[in-house]
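Here are a few notes to read alongside the structure. Have a look at it before going through the points.

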Amino acid sequence: MPKLPAPPVPSSLKSPPPRPGESGGPASPVDQAIAARNSVVDWVDERTSLTGAVRWMMFRKVPKGTNWFYTLGSATMFAFLNQAVTGVFLAMYYRPSPAGGAYESIRYITNDVFLGAFVRGMHKWGATVMVVLIFLHMARTFFFGAYKYPRELNWVIGVALLILTMVMGFTGYLLPFDERSYWATVVGVNINGTGPLIGPYLSDFLRAGPEFGADTLSRFYAIHMMLVPGAIAALIGAHLYLVAKLGTTAPPWTKAQKNPKLRRTEA
Ligand code: HEM
């Protein structure tokens, strides 16, 4: 059977003509792939100047003595990304309705969906991992004195991230809608109601009215998968911007090198 000719290589994937002095042999597929990647990056950069921002963010000097404890923030971010990705797959099958089968949809995910138990397990245990990591990261920044001037605002943003992470845990706990999650949430909402001034309003808001009902579950679901993850993503962006702008703190045990030029000489 006659063979069809291969389709022509698009001109954008062809490597540029050789410079004077270079051998003009055909470029290897790897060279062509590199040239194609470069031309895509150049095209985007010419229109956005994004590579400058990426270089500013990624290629930073770090203080002497930087160690594994400095990876806890990135580890927390990775845990958050894991929650976001696995959460999207869970949302494809979850039904946030008490009568319409929140509980049944969770059972379906666990027992019948391909890799459902694995993805649910990643999301459930990932939540615990994120809480553990965020506390370890906070302890690192506290014990290294990273909350001091000029990083106070980053500490405050961190506190907001901590509260929002707790809200994620609280709102996610109701979603399986079994006996335990239902009654644990009743207790949690009642505890919120005992807070001063805003307590009763807060518990009314969480319940979506004076009684627990179908709207409570929808409200928790909306808070859990839209409101709070969006806020966390935005705050992580601000947090990382400040880390890149201010740099990270040196470990407290490193000593500044003595600069003889700065020594005061008595006249
Ligand atoms: C979703 C939660 C969080 C993420 C993804 C996150 C991420 C990061 C990353 C990647 C860094 C830079 C590297 C490092 O020091 O680990 C950092 C630094 C920092 N974070 Fe967080 N963080 C979170 C929560 C918090 C919390 C709860 C606090 C404190 C209440 C906090 C306070 C700080 C401070 C003060 C720095 C500056 C550290 C320095 O200058 O050495 N962060 N964070």
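1. Some ground rules. Residue numbers start from 1 in each chain, following the sequence as written. The model is predicted, so local features need pLDDT of at least 70 and side-chain atom pairs count only at pLDDT 80 or more, while totals for chains, interfaces and linings use all residues.

2. Take α9 (214–246) next; helices here are DSSP runs of H or I, at least four residues, numbered from the N terminus. There is a bend of about 40° at Ile223, taken as the angle between axes fitted to the seven residues ending there and the seven starting there.

3. Among the buried residues of α9 are Leu217, Phe220, Tyr221 and His224 (buried: 20 or more other C-beta atoms within 10 Å of the residue's own, with C-beta atoms placed from the backbone). The buried residues of α9 pack against α3, α4, α6 and α8, a contact being two C-beta atoms, placed from the backbone, within 7 Å.

4. The largest nonpolar core has 13 residues (buried Ala, Val, Leu, Ile, Met, Phe, Trp, Tyr and Cys joined through C-beta atoms within 7 Å). Its largest share, four residues, comes from α9.

5. Around the ligand sit 27 residues, with Gly73, Met77, Ala146, Gly158 and Thr249 the closest (C-beta atom, placed from the backbone, within 6 Å). α6 gives the most to this shell, seven residues.

Notes:
A residue is buried if 20 or more other C-beta atoms lie within 10 Å of its own, exposed if 12 or fewer, and partly exposed in between; C-beta atoms are placed from the backbone. Helices (H or I, at least four residues) and strands (E, at least two) are DSSP runs, numbered from the N terminus.
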